[in-house]
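Dear colleague,

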Amino acid sequence: MAIWTPGWSTKAPGYNDLVLAIAGDTVLKPEDGWLNQWHAVSPFAESGTGPVYVGQWDDQAVYVAESYALPGKYEPVPLREALLMMEDSPADMLGTAFQVHHWWRDHRFCGRCGGTTGLHPLERAKWCDACGIPWYPRLAPCVIVVIRRGDHMLLARSSRVKRHFFSLIAGFVEPGESIEEAVAREVKEETGLDVSGVRYQASQPWPFPHQLMLGFFADFAGGDLVLQEDEIAEADWYRPGELPPVPPPTTIAGRLIQAMEREIRAGEAPP
């Protein structure tokens, strides 16, 4: 199995270095694997948006570049489809590449003075000489939570997502707010429920476009389901083995749901 190691370098790609070719939020996937060599992609690469180094794939340098085509046969694969529907996709590599590309594209100019930015010589940052400030890749912390009520868990279907998945309550952390406060607020706003016993479980980078998902378990503490209709289309309590369609284990939502199923089946009480 190939090993993915994220990293940073200011070095330009060599002739045989690997490139993930993307078009907007779509991967241009070749017939074999996900990566091409730079010499094949370079004639089709868009100027001004790469290539950008993102890491190592089995000790080979990997870059991401915006392209309008690829040589030979290829399949355009939307990023969400790759992460949600293709369990053999290299999710960590794809997520890193898209987040780095978004940062590179969005910070070609300084957000303070509007001048052209260059590369910081020592770290992954764009640098404005005039202002003397770096522009780092953005990370937006988000919380996502499984709410337990005895031997049931709460699952909800988003009113914004077309796929018929039931998933978890999630939302962005707001300024001045702790992670635990964000969990309680998001649950209250979207479902009308109160929770207690908020406990951290796991995290996952999520490239839409630059989220860091922080996963939690929490316990039902009261209230009736009153859904925020612009966020949640429907929600209900489910037992393990009786779940509706849920996200795959390539996602933190899928892994949290599986972990809660195991906890309930094992008869473990919340701490």
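The largest pocket is lined by 29 residues, with Arg80, Ser158, Val161, Ala170 and Trp206 nearest its centre. A pocket is an open set of points on a 1 Å grid over the protein atoms alone, where a 1.4 Å probe fits, with protein on both sides within 12 Å along at least five of seven lines; lining residues have an atom within 4 Å of a point. About 880 Å³ of space lies in the largest pocket, a volume being the space filled by probe spheres set on the points. Strand 13 gives the most to this lining, with 4 residues; strands are DSSP runs of E of at least two residues, and helices runs of H or I of at least four, numbered from the N terminus.

The model is predicted: local features need pLDDT of at least 70, side-chain atom pairs count only at pLDDT 80 or more, and totals for chains, interfaces and linings use all residues. Residues are numbered from 1 along each chain as its sequence is written, and side-chain values use heavy atoms, leaving out hydrogens and water.

The second largest pocket holds about 310 Å³ of space. Of its 18 lining residues, Gly95, Thr96, Gln99, Leu139 and Pro205 are the closest to the centre. Helix 3 supplies the largest share of that lining, 6 residues.

Helix 3 covers residues 91–106. Because 12 of its 16 residues are buried, helix 3 is largely enclosed by the rest of the structure (buried means under 20% relative accessible area, with a 1.4 Å probe and protein chains only). Among the buried residues are Gly95, Thr96 and Gln99.

Yours sincerely

Conventions
Expected span 1.5 Å × (residues − 1). Buried < 20%, exposed > 50% of the residue type's maximum accessible area, 1.4 Å probe, protein only.
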